[in-house]
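Please consider the structure shown below. This briefing concerns its salt bridges and their surroundings.

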Amino acid sequence: DSRVNPETTNNHFEVIYPFIDGRIIFNDRDHKFGYGGYFRHHFSTSLTTLKNSNYISPFLSNFSEVGLLGQYFFIRDSYGDSMTSISFSVGNLLGSYFSEDLEKLNFWTFSPGIKTYLQSDNTRSYRTSLFFSTSFILGKKPYTYSSFSVGLSMDFKINRKISSKDKIQLENEFK
C-alpha cells in the first residue's frame, strides 16, 4: 500500500529518477508497425533534485505499471530499414494507492513517444535506440501527474527478417 501526495510541483526539468522496463513487440513483416505489451518499474525513491527545490515525489514508494503499446515506423534509411517510429502506450499502475484521506486511488498511464535507431544495419540480432516520451499518470483530481523521459534502449530480435528473394517467392506461391 502506498500513499499519494497531491501537494507536489510538476516541473519536468527539476528532478530525475530512473526506471527500467521490458517490452515484447510483434512487428509486421515489412516492419511498418508493431504492437505488444510492457512492464515498467519506476524507482521514485531514487529521486534526485537538479535545482534547490522542495519537490516531493507524489509516490512515496517505488511503483510499477503494466500495459499495451503500439508503434508505427515512418522514417526509413537508404537501405529501406526502419529507423524512426512514433509510439503510444496505455497502462495501469500496479499496487494499491491511497490519498491522504485514505481514499483508494486508481491510476492509468498514457505515453506518446518517439524512438529512433542509432545504427541502420537491420541484419544484427540487436539494435540500440534513443527514445523520448511523455507520460500522463491520470487519477482522480488532484492526483494527476506527468513526466518526460529520455532513454537508451537495446532491442533484441528473436527472429530474422526474410530475404527479398524468399519474400518474392512466398508472394508468388501464396497470392
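**Salt bridges in a predicted model**

Arg-40 and Asp-21 form a salt bridge, with their closest N and O atoms 3.1 Å apart; the term denotes a side-chain nitrogen of Lys or Arg within 4 Å of a carboxyl oxygen of Asp or Glu. This is a predicted model, in which local features need pLDDT of at least 70 and side-chain atom pairs count only at pLDDT 80 or more, while totals for chains, interfaces and linings use all residues. Residues are numbered from 1 along each chain as its sequence is written, and side-chain values use heavy atoms, leaving out hydrogens and water.

**The pair Arg-40 and Asp-21**

- Arg-40 lies in strand β4 (residues 33-42) and Asp-21 in strand β3 (residues 19-27), so the pair ties together parts 19 residues apart in sequence; strands (E, at least two residues) are DSSP runs, numbered from the N terminus.
- Arg-40 is buried, at 4% relative accessible area, whereas Asp-21 is partly exposed, at 29%; buried means under 20%, exposed over 50%, and partly exposed in between (1.4 Å probe, protein chains only).
- A network of salt bridges links Asp-21, Arg-23, Arg-40 and Glu-65.

**Other pairs**

- The structure holds five salt bridges.
- In the salt bridge of Lys-140 with Glu-103, the closest N and O atoms are 2.1 Å apart.
- Lys-140 is partly exposed, with a relative accessible area of 48%, and Glu-103 is partly exposed at 34%.
- Asp-155 and Lys-115 meet in a salt bridge (3.0 Å, N to O).
- Both Asp-155 and Lys-115 are buried.

Note on methods:
Helix = DSSP H or I, 4+ residues; strand = E, 2+ residues; numbered from the N terminus.
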